[in-house]
Amino acid sequence: MNKDALLEVKNLKKYFPITGGFFNKVEGYVKAVDDLSFEIIKGEVFGLVGESGCGKSTTARSILRALDPTSGEVNFYNSKTEEVYNLASMDKAQLRGVRQYIQTVFQDPYSSLNPRMTIKEIVAEPVLINKLAPKSEFDEIVADRLERVGLKANYMSRYPHAFSGGQRQRVAIARALSINPQFLVCDEIVSALDVSVQAQILNLLEELKQEFELTLLFIAHDLSVIKHICDRVAVMYVGKIVEIAKTEDLFANPAHPYTESLLAAVPKTDPESGREILSLEGEVPDPSNPPSGCYFHTRCKYAEEICKKEFPELREVKGNKVACHFAKELELNGIAEI
Ligand code: SF4
């Protein structure tokens, strides 16, 4: 494992069996996550982006062991104990010991907070579960975390229904930070919020990242959100990573045609930029029956004969990691501004 990495995902697969017939026999698999490998460096925000159904959330859930991976490794380096744990092979008891270092914030702030619990109970719950402090200290911990996310400490006696979507997401972040995690997984955390509130939450997250020395896996389908906060980005398509690059390189010089298409579909804020807004044509292929060769060939305007026959492996091209037979030759269009 790279000495600078906090998380190393190696050949991770999550296949869901498709059963049918009289004996419920396994007739195939939905390959939601298909042989992913990447590293997340300590202190960085690593983005996972792609269209709906590409496997981003299943990847996160497999890393977190909310789903059991079919195979592969998820190596987590605990900088406090200086030990490496393979989360993918740990049993439930072992995982309980590691959960205090890894927290998650989910998309929907309305369903992720229990309406019958007070804000204090919600924020302190991870401390209680992980037995990290006596109950007598809960008021102090909760007040501190609420203030750090921009909420008043005296809100702790209220219930979630008293808060707006943005405030609820702040509560969810306060809860995640209550136990000082090293690694935070954010799964579409701003996609249910208004654009103005989105920017506030992203700015808050950037501040908290520094303050709590966090490393983040940030999942989003919206490239403008990714550009705002991520240091590096992996682009997913039908359960595979097709490109990994630094955020500014990915936006300015994409090396995979799918990345170029995603960028072209981002609405521009500057009408003078002259960028043509394209929508991605064609359907995302069925992950239980992906196309032969390159999975993107059914939608790719650069496809040639080899693309239908040979699967392109992820390899280093122009500083990016790219899975395209023609990544070296193609001159693709990026975007400077969103
Ligand atoms: Fe397009 Fe071929 Fe590259 Fe796939 S391998 S992205 S089909 S050019």
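Visitor: Which space is the largest cavity here?
Guide: The largest cavity is the space taken by the ligand, where a cavity is a set of points on a 1 Å grid over the protein atoms alone at which a 1.4 Å probe fits but cannot get out. This is a predicted model, where local features need pLDDT of at least 70, side-chain atom pairs need 80 or more, and totals for chains, interfaces and linings use all residues. Residues are numbered from 1 along each chain, and side-chain values use heavy atoms, without hydrogens or water.

Visitor: And what surrounds the ligand?
Guide: The surrounding residues (a heavy atom within 4 Å) are H256, P257, C294, F296, H297, C300, Y302, A303, C307, C324, H325 and F326. By class, this shell has 9 nonpolar, 3 polar and no charged residues.

Visitor: Switching topic, how many aromatic pairs are there?
Guide: The structure holds 8 aromatic pairs, meaning ring centres within 6.5 Å, with planes under 30 degrees apart called stacked, over 60 edge-to-face and the rest tilted. Y15 and Y29 form a tilted pair, because their ring centres lie 6.1 Å apart and their planes stand at 50°.

Visitor: Is Y15 buried or exposed?
Guide: Y15 is buried at 17% relative accessibility, whereas Y29 is partly exposed at 40%; buried means under 20%, exposed over 50% and partly exposed in between, with a 1.4 Å probe and protein chains only. The rings of Y237 and F296 make an edge-to-face pair, because their centres are 5.1 Å apart and their planes are at 85°.

Visitor: Which residues cluster with F296 through ring pairs?
Guide: Ring pairs link F296 with Y237 and Y258. Y237 is buried at 2% relative accessibility, and F296 is buried with a value of 2%.

Terms used:
On a 1 Å grid over the protein atoms alone, a cavity is a set of points where a 1.4 Å probe fits but cannot get out, and a pocket is an open set with protein on both sides within 12 Å along at least five of seven lines; lining residues have an atom within 4 Å of a point. A molecule sits in a cavity or pocket if more than half of its atoms lie within 2 Å of its grid points. Ala, Val, Leu, Ile, Met, Phe, Trp, Tyr, Cys and Pro count as nonpolar, Asp, Glu, Lys and Arg as charged, and the others, Gly among them, as polar. Rings of Phe, Tyr and Trp (its six-membered ring) pair if their centres lie within 6.5 Å; planes under 30 degrees apart count as stacked, over 60 as edge-to-face and the rest as tilted.
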